[in-house]
Amino acid sequence: MFKGLEHSGEATAHVAALSHDQMLQDSATNESSGLAGKPRLSRWKHAVERWCHEVEIAPDLACDIGSRRWFRGLATMLGLGAAALAMWPDFSAVEAATPLADRSRDEFRSQTISPLALGADSGRHMGASPLVRPLANVPERPSIQLVSTLGQGDSFARMLERVGVGAGDVSQITGLIGQAVPVDDLASGTRFDITMGRRPAAHAPRVLDSMDFRARFDLDLSVERRPGGGLALIRHPIRVDETPLRIRGTVGSSLYRSARNAGAPVGAIQDYLRAVDKYLSLESDIAAQDQFDIVVAYKRSAKGEREVGSLLYAGLEHGGKPRVQLLRWGKDGQMIASSALTQARGAPGGAPVAGHMTSPYGKRRHPILGFVRMHAGIDYGARYGSPIYAVADGVVNFAGRHGGHGNYVRLGHGGGLDTGYGHMSRIAVKRGARVKAGQVIGYVGSTGLSTGPHLHFEAYRGGRTINPAGLRFVSRPQIDGKEKDAFRAKLGAMLGIQPGEALAAIAAPAETQADALREIDKLAPGAGE
């Protein structure tokens, strides 16, 4: 790399000079001399590398934009991009496994565990060899235990026939069970535990050995075959306690939610709300501090089952004093108020709907017609579809479309006194029908000349309209004198039930000493003393 300079006559010092050209020349000379003895492929490789270094086919495109060097780099980029797009893979489905023919697939399936899920054995079925001989007969099981359920719309006899009971046993069993309970009254879903015995002959149906089922809430029945071959009915009474279930609590923010939190069934709460709604407005007449009182029919058996019945009593207290006391009474099972025990007297009519008064009786500007005229009734704002009740006993004189009143019902209460109910969405009574106080006669709507859902309630005396606010009816007791004592006794019994008393365990029956004493104990000295 270092080369000594020639000494001139005038220079007396030695100087060493490094020339870049000399370095490249020497390097190229050494490289060419070194590649001379290498293979031709290596020489081509080094030649290509040297050309790429000298030509610079991939320059920086951010520099010298528009020059020949820049266009050369752009061509390189486009060429590489075209090569990449040419080798781009397609989106065709990739075959993950070689498809099998049907015969091969069946062969594989026969050797897997899949047939077990279908109730069959795995493996290939082999043909019988000459060593296998068919059996002349196969012994049957001595007994078969079955569970059968009486379906909806099914009959007891058809259910026994499906199990395999013979026609003779079916008729005999039906007659025996009919002695305890009507066969047609057996509820759908009743389970029967059946044991079938041996066949009396080769092709005869099996005979029934025993059958057990729940006939009623308080009765289990068994049909058993006696040693002599006949069938006998055995009754198994179940001890049942019918103490009604009483639930009390505070109304709070929601009467329904409070009753549900107290454990009241949904059906009983709905019956309670419908009964109380006829006497009080559920929206405005019930305070959060009021106490609700619900009594429902309730049965519990010694086996642990529970059965909830209908609503028996509905009460509401305010400040410890009862506001409403309703008791289920009579053949019709209506909820009768305790006020029905009072003597006949003049009393204001009940509220025709659970709502608030929006327009009183008198002159006003009509909201649709736009001029002042007489408003011959009282408007009650209520939710669409709310039930409308008759304010007193009467006869339906008119039920249908009535001009601006829309759907309209008019009741005659005797003595020249009538009441009218307008703008109904639906009418629930027919002309000529007799209705009682508190009976639903229609539902709130907005038919006729109306700007929104409400009830137009009016009263007539001698054919002329009067102010319904001062309307009074003669309240006659719904219970006659002979039934008053029974009604008071039943009401007192309902109020005497302790809340939650029916949820306690059923007490075991008291056993007498004679029943507890074994036969061997009776022979002991002093047993009879």
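## Aromatic pairs

Trp-70 is buried, at 17% relative accessibility (buried is under 20% relative accessible area, exposed over 50%, partly exposed in between; 1.4 Å probe, protein chains only). Phe-71 is partly exposed at 47%. This is a predicted model, where local features need pLDDT of at least 70 and side-chain atom pairs pLDDT 80 or more, while totals for chains, interfaces and linings use all residues. Residues are numbered from 1 along each chain as its sequence is written, and side-chain values use heavy atoms, without hydrogens and water.

The structure holds six aromatic pairs (ring centres within 6.5 Å, with the six-membered ring used for Trp; planes under 30 degrees apart are stacked, over 60 edge-to-face, the rest tilted). Trp-70 and Phe-71 are edge-to-face, because their centres lie 5.0 Å apart and their planes meet at 80°. Phe-156 and Phe-192 form a tilted pair, with 5.6 Å between centres and 50° between planes. Phe-156 sits in helix 6 (residues 156-163) and Phe-192 in strand 4 (residues 191-196), so the pair ties together parts 36 residues apart in sequence. Helices (H or I, at least four residues) and strands (E, at least two) are DSSP runs, numbered from the N terminus. Both Phe-156 and Phe-192 are buried. With Phe-213, they form one aromatic cluster.

## Asp-418

Asp-418 lies in strand 22 (residues 417-427). Asp-418 is buried, at 16% relative accessibility. Its side chain makes a polar contact of 3.4 Å with that of Arg-410 (N or O atoms within 3.5 Å; within protein, one must be able to donate a hydrogen and the other to accept it, and residues adjacent in sequence count only if both atoms are side-chain atoms).
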